[in-house]
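Take a guided walk through one protein model. Keep the sequence beside the picture as you read.

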Amino acid sequence: MSDSDRHFSKLVEALRPWLGQMIFVGGWAHQLYRLRPEAASLSYPVLRTDDADLALDPRLFNKSQDVRARLRDLGFTEDMSGDDQPPVTHYMLGSSGAGFYAEFLTPLVGGEYSRDGSRQVTERVAGVIAQKLRHLEVSMVAPWTVTVDSESGFDLSEPAVLLIANPCSYLVQKLLIHGRRKTEDQAKDALYIHDTIELFGGTLATLKRIWSQSVAPTLSSRAKQEVSAQIAHLFGTVNDTLRDAARMAAGRRLSSAEIQARGYAGLQEMLGSE
């Protein structure tokens with residue numbers, strides 16, 4: 001068992017009382033996809049990450065719930081940064097700035113700034129500080145579940161059922177935030193998109209139904225146009241972002257042309273029309 005899996009197991013134990021109220025998104029959702037029955041068996045290792053992103057709806061929590069206290073009891077420490085109030089916070093295992101950490105996220109509704117000019121991009125929910133992110137709500141539509149236990153490689157007292165972003169929501173959210181990401185993150189996201197499409201290539205019809213029945217109805221016309229534009233921008237032709245993504249897939253003999261072709265075809269099949 002890797003240190004990352006061991007740390008993730010400790011996070012699951014800490015959050016066990018609230019697992020039905022939090023959705024794993026981001027890199028750990030992608031890692032957990034391989035536990036789904038729809039997932040293909042791939043020969044290459046899954047892309048791994050040391051940070052676990054959890055999306056939550058503040059309306060599901062009350063003031064008596066104290067997620068922060070339980071995290072601290074199990075060895076997590078707070079690493080705060082920035083000038084926002086409350087500050088952006090990572091809940092870490094290990095030394096500050098290194099190792100595994102969890103980050104709590106909640107949808108950003110409205111603008112980032114209040115009438116007095118102060119930024120409103122964080123809030124405290126059940127004791128923890130959650131960062132408000134644009135388009136996060138897409139990741140929270142129609143979540144899937146996975147069961148993690150000792151057989152799947154996790155050190156848990158008993159099996160746990162986790163909510164994870166469904167792959168369609170996962171891909172759409174990455175497309176919507178693509179333009180706001182750093183250059184290196186854009187390349188990694190392109191590789192994540194490619195690998196997710198390859199993982200669920202045999203069930204794209206299922207993901208298309210999720211898009212048309214669950215995800216698309218929640219998006220504005222402008223957001224849908226942005227999704228289409230980003231598909232064309234990111235996967236319309238081979239570009240530097242895809243070349244960087246291919247270099248990140250070291251040892252897999254994956255070319256930028258293959259990333260472009262699979263990404264474009266898969267996204268068009270899944271999202272090309274409602």
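Predicted model: local features only at pLDDT ≥ 70, side-chain atom pairs only at ≥ 80, totals over all residues.

Residues are numbered from 1 along each chain as its sequence is written, and side-chain values use heavy atoms, with hydrogens and water left out.

Start with serine 9. It is found in helix α1, residues 3-15. Helices (H or I, at least four residues) and strands (E, at least two) are DSSP runs, numbered from the N terminus. Serine 9 counts as buried, because its relative accessibility is 1%. Buried means under 20% relative accessible area, exposed means over 50%, and partly exposed lies in between (1.4 Å probe, protein chains only). Which residues does serine 9 touch, not counting those up to four places away in sequence? They are Phe154, Asp155 and Leu156. Contact here means heavy atoms within 4.5 Å. The side chain of serine 9 also reaches the backbone nitrogen of aspartate 155, at 2.9 Å.

Now turn to charged pairs. How many salt bridges does a search of the whole structure find? The search finds 12. A salt bridge is a side-chain nitrogen of Lys or Arg within 4 Å of a carboxyl oxygen of Asp or Glu.

One of them joins the side chains of arginine 48 and aspartate 5, at 2.6 Å from N to O. Arginine 48 lies in the loop between α2 (26-32) and β2 (51-56), and aspartate 5 in helix α1, so the pair ties together parts 43 residues apart in sequence. Aspartate 5 is buried, at 14% relative accessible area. Arginine 48 is partly exposed, at 39%.

Glutamate 198 and arginine 262 also meet in a salt bridge, at 3.8 Å from N to O. Glutamate 198 lies in helix α6 (residues 183-199) and arginine 262 in helix α10 (residues 256-271), so this pair ties together parts 64 residues apart in sequence. Glutamate 198 is partly exposed, at 24%. Arginine 262 is partly exposed too, at 32%.

Aspartate 240 and arginine 243 both lie in helix α9 (residues 240-248), three residues apart, about one turn of the helix. Their side chains meet at 2.8 Å, N to O. Is aspartate 240 buried or exposed? Aspartate 240 counts as exposed, because its relative accessibility is 55%.

Next come the rings. The count comes to nine aromatic pairs. Rings of Phe, Tyr and Trp (its six-membered ring) pair if their centres lie within 6.5 Å; planes under 30 degrees apart count as stacked, over 60 as edge-to-face and the rest as tilted. Tyrosine 91 and phenylalanine 104 form an edge-to-face pair, 5.5 Å centre to centre, with 75° between the planes. Tyrosine 91 is in strand β4 (residues 88-93) and phenylalanine 104 in strand β5 (residues 100-107), 13 residues apart. Tyrosine 91 is buried, at 2%. Phenylalanine 104 is buried as well, at 0%.

Finish at tryptophan 144. Tyr33, Trp144, Tyr170, Tyr192 and Phe200 form one aromatic cluster. Arginine 36 lies over the face of tryptophan 144, at 4.1 Å from the ring centre. A charge sits over a ring if NZ of Lys or CZ of Arg is within 6 Å of the ring centre and within 35 degrees of the ring normal. Likewise, the charged end of arginine 252 sits over the ring of tyrosine 44, 3.6 Å from its centre.

Methods:
Polar contact = N/O pair within 3.5 Å; in protein donor to acceptor, adjacent residues only side chain to side chain.
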